[in-house]
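I opened this entry to look up how two chains meet, and then to follow a single residue through its surroundings.

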Amino acid sequence: MTKAAELAKMGEVLTNSQLSGRRNLFYNGNFQCWQRSTSETGLGASSGYFTADRWKADIGATSAGRFTMNRTTSTPDGFNYGLVINCTTTDTSIAAGEFLLVQQRFEGQDLQHLKKGSSSAETAILSFYAKIVGSATDIVVEVFDNDNARHICKKFTLTTDWVRYYFTIPGDTTGSLDQDNAQSMTVSFCLHSGSTYTGGTLATDWAANDNSNRFVGVDSIFSSTSNEFHLAGVQWEVGSQATPFEHRSFGEELALCQRYFYQYEGTGVEWIYCEGNTSNHKFWAFQLPVSMRTVPSFSHGFSHGTSNGVTISSIALLSSSDSRIITRVAYASANGSANTMHHTDGWNGEYAFLSAEL
Amino acid sequence: MSIKSAKYIKNFRVEDEEEVILEPFAITVNYQNGSNWDVPINTANTDYQAILEWVAEGNTIAEAD
């Protein structure tokens, strides 16, 4: 190849390939955002989003095993935080349907450039930093196509040192992804599994889902309370070559995460509209900073005490969109003239929570 | 999270100081872990999808007060 041709090829690569633009499909892949909590204990009874934004603990059949999810500053160079999962209660009698997955779920409309299901389906590569303390060294990473019930898996043997691991995912020419805001793909780190998911042969190539081929060879983090799984710098990108982790600013990452979960911090003066002077003809509203994935669920930790001469007895979701929340506020007794504004003075440092997770 | 109970939230508008009852917009869900969430009746909301599964298992959403 001539020098000119080499330069032209390099330009083509830089312009068209994975080195250009935003690369990492993961949200909060470097564990910067922890809106819910930085530490939760006694987990394992049910699935949920408990700590780091976008990272779900998915639980199968009921297990005796319990664990904590914490933020850690013990990370590879260049990362502020990682996630650590600690076994606190063992489960040595594993029922067939059990599993513990640390996972992230993705909207189909964000994955169209994988060209899945087409003859030009793209190769992608998943990379992550991990280490293990204890004996549960073997984990399985699974990429699952929810729209077509297909999957591909890889087993990794971790060590006590931070190592960057790689999982090359060939393009799958079978099964296209829906172009909408619903869950189309899931990437899971399996840390524990029962025989329902381990009895076959690990699906190391794309295949129709077979439960017995999902987590073959995984060790159980619940085998000992000495087991700690550490994870940092998770990246999934189009291309066959892993690139350095794509560090995004905190503000950028937080805004991405707020599409799925947002906590509104109350202020010292929150305005309540009185439609009428009865106890429950009152409204409180606020704007969301980014459009959420869909109309979110609402919860809050606002105290219902007396403020500014009014005792609030309840706050309930009245109406909302993906960008604005309207709640109905009930006072303990009739109060306020029709079509006037009241204010409550005690909600600074307290929170409302909105969830539109997958 | 596992659902313990669910109840429609009363929805209404006020006309001439009288309440006109509307179709409910949301459901209050009490979860086994003690948390409470108001979940909009929207099929793209995964919490609502979980309520529908809970109902399909034979459970009932209580009527609003």
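I began with the contacts between the chains and found 19 residues of chain B in contact with 25 residues of chain A, contact being heavy atoms within 4.5 Å. The model is predicted, local features need pLDDT of at least 70 and side-chain atom pairs count only at pLDDT 80 or more, whereas totals for chains, interfaces and linings use all residues. Residues are numbered from 1 along each chain as its sequence is written, chains are lettered from A in the order in which they are written, and side-chain values use heavy atoms, with hydrogens and water left out.

I then looked up the area buried between chain B and chain A, which is about 1700 Å², with 51% of it from carbon and sulfur atoms; buried area is the accessible area (1.4 Å probe) that two parts lose on being put together, summed over both. In chain B, Phe25(B), Trp37(B) and Asp38(B) lose the most area to chain A, together 31% of what that side buries.

For polar pairing across this interface I noted 10 residue pairs in polar contact, both residues at pLDDT 80 or more; such a contact is a pair of N or O atoms within 3.5 Å, where within protein one must be able to donate a hydrogen and the other to accept it, and residues adjacent in sequence count only if both atoms are side-chain atoms.

Last, I turned to Thr75(A), which touches Asn80(A), Tyr81(A), Gly82(A) and Trp162(A), not counting residues up to four places away in sequence. A polar atom of the Thr75(A) side chain lies 2.7 Å from the backbone oxygen of Phe79(A).
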